Amino acid sequence: MPPSRRSITDLVLHLHPPSVALQTIRFTLSWGLGGMAVILTGLLFLTGLLLLLVYQPATDQAYNSILILTREVPFGLWVRNIHHWSANLLVGITLLHLLRVALTGAFGPGRRLNWMIGLVLLFLLLSANFTGYLLPWDQLAYWAVTICTSMLTYLPLCGPWLQEILRGGAEIGPATLANFFVLHAALIPGTLFILLLWHFWLVRRAGGLVQFEAGQSPAERVSTVPNLVVREAAVGLGLAAGVLILAIAWNAPLLDQANPGMSPNPAKAPWYFMGFQELLLHLHPLFAVFAWPLMGAATLLFVPFWRDSALPDGVWFGSPRGRSLAIWSTLAGLILTPAAILLDDLLQRSGTAAAANTLVTRGFLPTLAVMALLAGGYRLLVKKFSYSRAEAVMAGLLLMFGTLAACTIVGVWFRGAEMHLIWP
């Protein structure tokens with residue numbers, strides 16, 4: 001074997017074992033989502049380094065440096081577009097990867113720590129997108145960050161303090177841009193890189209992708225090179241080509257330079273936070289920004305430690321019956337949530353809901369009602385319809401993701417001036 005080829009093989013075998021179970025390289029087991037996330041992360045690091053050669057992190061220079069990049073630097077617009085689309089796609093791919101892990105039973109014993117690290121990685125990715133959102137210093141970025149940082153004031157005890165730390169003062173200004181730049185270009189990528197390595201190592205230590213074990217016979221194994229590597233290369237190169245084409249077809253948004261005295265109507269958060277902004281229209285701020293996100297995060301964090309909460313290893317949805325339950329649970333979240341939004345909007349316009357907008361009526365009562373419905377639904381699935389605990393937990397997670405997806409879709413495409421409902 002030539003030395004160059006041997007070096008590449010040695011590098012691959014640092015990331016993968018010499019052989020892998022045949023069933024784990026089946027594309028429909030993972031859909032290549034983890035590898036896609038790696039490719040997008042690589043594109044972000046590469047294009048981010050190129051953008052640093054031109055970008056100026058000062059409020060009087062940031063916007064002009066973006067104009068110079070997109071108008072005068074060869075391929076500058078393309079590089080910025082690649083960075084933009086890679087960042088947004090990475091959020092979506094990571095969420096799908098998280099769902100894939102849950103729906104194939106890959107957060108059970110032996111993989112719980114990696115699930116928790118994955119949740120931290122998701123938080124870091126959202127933070128990276130959010131801090132990078134402000135850097136162009138245009139109207140879209142300025143007011144989106146204004147909205148998101150204003151949400152922090154609703155956090156009990158530490159909210160105003162966190163807002164001032166992040167902004168670098170009472171208002172968004174030069175200190176805010178400097179803080180976001182350091183977080184986006186140094187602290188978050190460094191932490192992300194370390195945790196990614198740990199994440200990969202834990203996957204390898206656990207024996208690779210989760211797999212279904214039928215009987216006592218050992219699973220058939222094949223060599224990593226070329227069987228797994230060729231598949232990974234095909235997915236990675238295909239995704240990279242897709243992002244490059246997407247970056248040619250659609251430009252990253254850039255509005256007029258930030259103007260603190262002129263707010264756009266409507267002023268919206270970035271799409272990955274629009275679900276929470278939508279909740280703010282229907283719930284008391286303490287519950288929309290703090291209580292409900294905290295309960296959701298706690299559920300994701302601790303569900304692997306609930307006995308028998310993981311689906312059978314390597315089996316999508318656990319069973320054909322579980323697949324049907326998953327479809328209906330997702331549809332319930334996607335359909336019932338817009339219906340509830342429409343109903344609440346009608347009540348607010350009639351003045352009924354506005355008159356009763358208190359911590360009790362818009363906070364405790366809706367929360368208790370949702371918790372009662374979830375508890376009743378769980379009991380009904382397990383006791384009445386004889387679903388397993390893991391299948392009932394799966395239904396709850398998909399209902400939660402369907403609800404958040406519906407809130408995001410409504411907020412992004414169906415909210416117009418003054419955040420009123422519109423038909424796009």
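**Figure 1. Who Gln163 touches.** Once you set aside its neighbours within four places in sequence, Gln163 is in contact with Thr149, Ser150, Leu152, Thr153 and Gly169; contact here means heavy atoms within 4.5 Å. This is a predicted model, in which local features need pLDDT of at least 70, side-chain atom pairs count only at pLDDT 80 or more, and totals for chains, interfaces and linings use all residues. Residues are numbered from 1 along each chain as its sequence is written, and side-chain values use heavy atoms, with hydrogens and water left out. Gln163 is found in helix α8, residues 159-167. Helices (H or I, at least four residues) and strands (E, at least two) are DSSP runs, numbered from the N terminus. The side chain of Gln163 reaches the backbone oxygen of Thr149 at 3.1 Å. With a relative accessible area of 13%, Gln163 is buried; buried means under 20% relative accessible area, exposed over 50%, and partly exposed in between (1.4 Å probe, protein chains only).

Figure 2. Searching the whole structure turns up 14 aromatic pairs. Rings of Phe, Tyr and Trp (its six-membered ring) pair if their centres lie within 6.5 Å; planes under 30 degrees apart count as stacked, over 60 as edge-to-face and the rest as tilted. Take Phe75 and Trp78: their ring centres are 6.2 Å apart and their planes are at 55°, so this pair is tilted. Phe75 is exposed, at 61% relative accessible area, while Trp78 is partly exposed, at 30%. Trp316 and Phe317 are another tilted pair, with ring centres 5.6 Å apart and planes at 50°. Both of these residues, Trp316 and Phe317, are buried. Elsewhere, Phe130, Phe180, Trp271, Tyr272 and Phe273 form one aromatic cluster.

**Figure 3. Arg321 over the ring of Tyr387.** The charged end of Arg321 sits over the Tyr387 ring, 3.9 Å from its centre. To qualify, NZ of Lys or CZ of Arg must be within 6 Å of the ring centre and within 35 degrees of the ring normal.

**Figure 4. Trp198 on helix α9.** Trp198 is found in helix α9, residues 174-205. At 39% relative accessibility, this Trp198 counts as partly exposed. Not counting residues up to four places away in sequence, Trp198 touches Leu113 and Ile117.

**Figure 5. Leu281 in a loop.** Leu281 is found in the loop between α11 (274-280) and α12 (285-302), and is partly exposed at a relative accessible area of 27%. Leaving out residues up to four places away in sequence, Leu281 touches Asp344, Gln348, Arg362, Arg415 and Met419. The C-alpha atoms of Leu281 and Asp344 are separated by 9.2 Å, although the residues are 63 apart along the chain.

**Figure 6. Zooming out for context.** The protein has 16 helices and two strands. Its C-alpha atoms fill a box of roughly 65 × 65 × 40 Å along the principal axes. Of the 424 residues, 42% are buried. Among contacts with a separation of 6 or more, 80% come from residues 24 or more positions apart.

How values were computed:
Polar contact = N/O pair within 3.5 Å; in protein donor to acceptor, adjacent residues only side chain to side chain.
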